[in-house]
Amino acid sequence: MNAMECESDSSSEENTDNELKKQQSKQEGKKKRTYEQKFCNAWLSNANFKGWIQETKGTNGNSVPYCKVCKVKLSCSKTALTRHMKGKGHTEACKMTAELRRSHLNIGELLGATDKSVAKLEIKLCSFIFEHNLPIQLSDDLLALLSSLFPSNKTVQKATLGKQKATNVIRQVLGFNTQKADSINGLKSRKFSLIIDEITDRSRKNQLAVLVTYFNPDTFKMDCDLIDIVQLDDGKADTIFKAIVECFEQKDFMNVSFIRQADPWLIDINDQEHYVPLNHVYVGPCATDTMQTIKDDLGVDHPGIQLFFTHCRNFQIEAVKQILSRFNDCDKLDFLSFLTPVSAYALSPVSLLQVYRQLAQLKDVADLQEADNEWRQHALCPNLNGEMSFLEYWTVVFKEKNQVGEMIYPNLTKLVATVLSLPFSNAAVERIFSQLKLIKSDHRASLKQESLLALLSTKYSFLKKGKRQAVMMDPSSEMLDLHKRMKSSAKDEDAGKLRAEFLKELKNVKT
């Protein structure tokens, strides 16, 4: 019996092993049988794909889709193609390709070397030079290089772009066009906030950046434009104030009396009970270390040391006093919460009266009664709910129109656009200063003020649009007109006069 039991046990074990081996071989066989989708010819005629897809051979010899724009092979899957089409890299590449096609000169221009084709070439070359922070004197060598590479191209052969002409293209064409298009004309018809800041550049000169920030209902984004970069004799409050007034008087799109209401000298320092002791005045880690060394040499009670900390304390007291006097209602800024979708959809507050009381300028923007009616009416819109994001919620409100194409909430949208124009950060100024350091380097410390303004304003405009703007740019008719009127031989001493004449022309333009 025992022998028979052993034989049966061993046979059952063998059967079990055989079954396991069969299951494993089946699973391995299943793994090996992978389905590979073949290239579908229908993709070539698909409206979403046909503009950029073509058939090519893969590594295994099978046909695979190929993106002509990004120059990469893709997986044979409609899902993969759709994912690639919606990707950021493909989208930017398609946009750049379209811009390049529009910017290419036609055959007639290339053969005939027209004034228009020459102007476009010179403008684009100057744009490329300053976009990459290259020296302006490189323009002549760059054009000579192109001339040697394309000896049969009459446009290249006819173009002339020495340092002086390139400087004037930057000042009188690119700079003037940017100021006209991005800032001055548009600001005359909208509410905006003013942002200023001061910095010392590489040449030890004080520079004051004047920017404006405003809400753009067309793009539904906050826009920021550089109005001016002003060289100051010093960093005193009076000097900065006069520079701002002069800046806006030149451009004639803001009431100067509005600026004068904020007089910094109305603040009086009279309460000394809350002043910190001189030895508690904070002057930063570097200055503290330096002063400690001086204390060890001269003694803690030296009059010079006491005078230094007294000046530092007075500066901090002045700063705090001004902040308190100018922003004494900061605790009342909670009224701005009416812009959040949760509050707006719940009609909290019920009336916009409090908003008008806090921002007196709104009475010139929209009628309170009309805005209140639209405020209550908008919450009934079936396309809105309190769980939407801020951008989704107010985009719906701004785009709601009646049957004849008129805005349903004209007063409410004007109010919201004005409130959104309030400054919330000085990041834009810091970006300007970052570009200032790149442009006015140690090797270009003698860069003239008019050139600096033109370079900064145009470079900032390029940065807002994206990369490789010089390559994709197709000079507009306005830029070509400025190029035609440009005084290519103008010297540095003529730059200020030319800019004043340009600003005078803008004042006479009806917007």
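**Helix packing and a cavity in a predicted model**

Colleague: At what angle do helix α18 and helix α19 pack?

Modeller: This is a predicted model. Helix α18 covers residues 427-439, and helix α19 covers residues 449-465. Their axes lie 10 Å apart, and the packing angle is about 125°.

Colleague: Which orientation class does that put α18 and α19 in?

Modeller: Roughly perpendicular ends at 115 degrees, and roughly antiparallel needs over 145. The angle here is about 125°. The two helices, α18 and α19, are therefore oblique.

Colleague: Is the crossing of α18 and α19 left-handed or right-handed?

Modeller: The pair packs with axes 10 Å apart. As α18 passes α19, the crossing is right-handed.

Colleague: How many nonpolar residues are in the contact of α18 with α19?

Modeller: From α18 come Ala428, Arg431, Ile432, Gln435, Leu436 and Ile439. They meet Leu452, Leu455, Leu456, Lys459, Tyr460 and Leu463 in α19. By class, one residue is polar and two are charged, while the nonpolar residues number nine.

Colleague: Which helix gives the most to the lining of the largest cavity?

Modeller: The lining includes Asn168, Phe176, Glu450, Ala454 and Leu498. By class it holds five nonpolar, three polar and four charged residues. At least two residues each come from α8 (163-187), α19 and α22 (492-507). With five residues, the top contributor is α8.

Note on methods. Residues numbered from 1 in each chain as written. Predicted model: local features only at pLDDT ≥ 70, side-chain atom pairs only at ≥ 80, totals over all residues. Heavy atoms only, no water. Axes fitted to C-alpha atoms, helices over the stretch in contact; angles between N-to-C directions. Helix = DSSP H or I, 4+ residues; strand = E, 2+ residues; numbered from the N terminus. Parallel < 35°, antiparallel > 145°, perpendicular 65-115°, else oblique. Left-handed = near helix turned anticlockwise from the far one by under 90°. Contact = heavy atoms within 4.5 Å. Nonpolar A, V, L, I, M, F, W, Y, C, P; charged D, E, K, R; others polar. 1 Å grid on protein atoms, 1.4 Å probe; cavity = no way out; pocket = protein on both sides within 12 Å on 5 of 7 lines; lining within 4 Å.
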